[in-house]
Amino acid sequence: MTAFPRRPFGLYVHVPFCPQRCPYCAFSVVTGRRAEEGLYVDRLCGEIETWARLGDRGGLDTVFFGGGTPSRLDPRLLGRILETADRFLGLRRGVEVTCEANPSTAEAGRFRDLRRAGVTRLSLGVQSLRDGSLRRLGRAHDAAEAERAYGVARAAGFDSVGMDLIFSIPGAAAADWEHTVKRAIVLAPDHLSAYALTVEEGTAFARRRASGDLPEIGEAEDEEAWFHAVESFGAAGYEHYEISNFARPGHRCAHNWDGWTGGEYVGVGVSAHSFLEGRRFWNTPDFDDYLQRMADRGNARAGEEPPDEERCRRDRLWLGLRTCAGVELEAEESRRLAASTLWPRLRAHGHATLEGRRLRLTERGFAVADAVAGAVSDEVRSRAEAA
């Protein structure tokens, strides 16, 4: 019998509890419902158990606690989730367990307990190291508090400590971002993520934008801030391994990397998404609906996308081109791209390289990655249809 290579397998756990809803946040979060944490974890563990049939896959390579604010969860409850995952799905030796955390003094008091519960990697939602920018984002911590929390995280002994940062904050000066980048480099976390703030529908920022109370960030200003981070982090020794992510050697986020490169994962909890056996599916985004569905039927699924060859091809190109590895084109895809009028334009603009069948974007190409991925996909498809 032919032995097929084992694909990476991960678990995403959505923890929706938050002390407040930030004005830019469009995620599924709930505030002021701490008394229901235990009930929610009961339902989560029940959902994990429904996936026991996957226990023969050799165990989970990664577990990612996202939110919301997972670090607000009692570490004993988080440990219970990990124990349930180990019982029904298995945790491989050396499993990466990531937990997102607020860099507040109150949260930092739990960091050692999170480490003892099994978390190996902490991702701090620092966002900015300027108090003015933090106030504009509606964050509860200040810059000094974030730095202290980072120190506590280091002392707690996590394998990796990362920081999430936000640029293109409406009303913030360019110097604020430059200071944040410079200070982050001095602190030297193992991992850095730099995201442009996007104004999502249904958020307080979207309502302010609609009323004319929130300034727009120009495309050139946005690109300048991103390139500043790319150049600064690169000069400091960080590997730019995905458009928005930078890591010290050996400190990539394996959970996200696996997702970008075709690995499978199951998501549990409110709004959690999964990718398994070619299908993408997701849970209800409503907290009360999730609790009720799990109580009534043990399933909170709200929708799915069945396998579709064209969608899978577009996803493979779009996700792969976001990474430093690029994407391995199929032989016919490579031939069509090389023969197209698109490829000379990409090469002339310094946006991409094609080595054999491996298509990679350059740093310049990363800045327009979505447009390039869409153009490549359309070109390959149009030529396939014309063949």
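The model is predicted. Its sheet of three strands has the order β15-β17-β16 with antiparallel pairing, and helices α1 and α2 approach with their axes within 9 Å.

**The three-stranded sheet**

- The sheet is open, its strands follow the order β15-β17-β16, and the pairing is antiparallel.
- Strands β15 (327-328) and β16 (352-355) form the edges, each pairing on one side only.
- Two bridges connect β15 with β17 (residues 358-361) in the antiparallel sense.
- Residue E328 has R358 of β17 as its bridge partner.

**Packing of α1 against α2**

- Two packed helices are described by the distance between their axes and the angle between them.
- For α1 (residues 37-49) and α2 (residues 75-88), the axes come within 9 Å and cross at roughly 10 degrees.
- Because angles under 35 degrees count as roughly parallel, α1 is classed as roughly parallel to α2.
- Helix α1 contributes E37, G38, V41, D42, L44, C45, I48 and E49 to the contact, while α2 contributes L77, R80, I81, T84, A85 and F88.
- By class, the contact of α1 with α2 comprises eight nonpolar, four charged and two polar residues.

- R72 is located in the loop between β4 (60-67) and α2.
- With a relative accessible area of 16%, R72 is buried, because the cut-off for burial is under 20%.
- Apart from neighbours within four places in sequence, R72 contacts F17, C18, P19, R34, E37, E107 and R110.

**H191, in strand β8**

- H191 belongs to strand β8 (residues 191-196).
- The relative accessible area of H191 is 3%, and the residue is therefore buried.
- Beyond neighbours within four places in sequence, H191 is in contact with R121, V161, G162, M163, Y238, Y241, N245, F246, A247, H251, R252 and C253.

**H240, in strand β9**

- H240 is part of strand β9 (residues 239-242).
- H240 has a relative accessible area of 11% and so counts as buried.
- A polar atom of the H240 side chain lies 2.8 Å from the backbone oxygen of I243.
- The side chains of H240 and E363 are joined by a polar contact of 2.7 Å.
- With neighbours within four places in sequence set aside, H240 contacts W226, V230, N245, F246, C324, E363 and F366.
- N245 and F246 are among the contacts of H240, and both are also among the contacts of H191.

**W257, in helix α10**

- W257 lies in helix α10 (residues 254-260).
- At 16% relative accessibility, W257 is therefore classed as buried.
- Residues up to four places away in sequence being left out, W257 touches Y241, R252, T323, C324 and A325.
- Y241 and R252 are among the residues touched by W257, and H191 is in contact with both of them.
- C324 is one of the residues touched by W257 and is also in contact with H240.
- W257 and E96 are 161 residues apart in sequence, with 12 Å between their C-alpha atoms.

Terms used. Residues numbered from 1 in each chain as written. Predicted model: local features only at pLDDT ≥ 70, side-chain atom pairs only at ≥ 80, totals over all residues. Heavy atoms only, no water. Pairing = 2+ DSSP bridges. Helix = DSSP H or I, 4+ residues; strand = E, 2+ residues; numbered from the N terminus. Buried < 20%, exposed > 50% of the residue type's maximum accessible area, 1.4 Å probe, protein only. Contact = heavy atoms within 4.5 Å. Axes fitted to C-alpha atoms, helices over the stretch in contact; angles between N-to-C directions. Parallel < 35°, antiparallel > 145°, perpendicular 65-115°, else oblique. Nonpolar A, V, L, I, M, F, W, Y, C, P; charged D, E, K, R; others polar. Polar contact = N/O pair within 3.5 Å; in protein donor to acceptor, adjacent residues only side chain to side chain.
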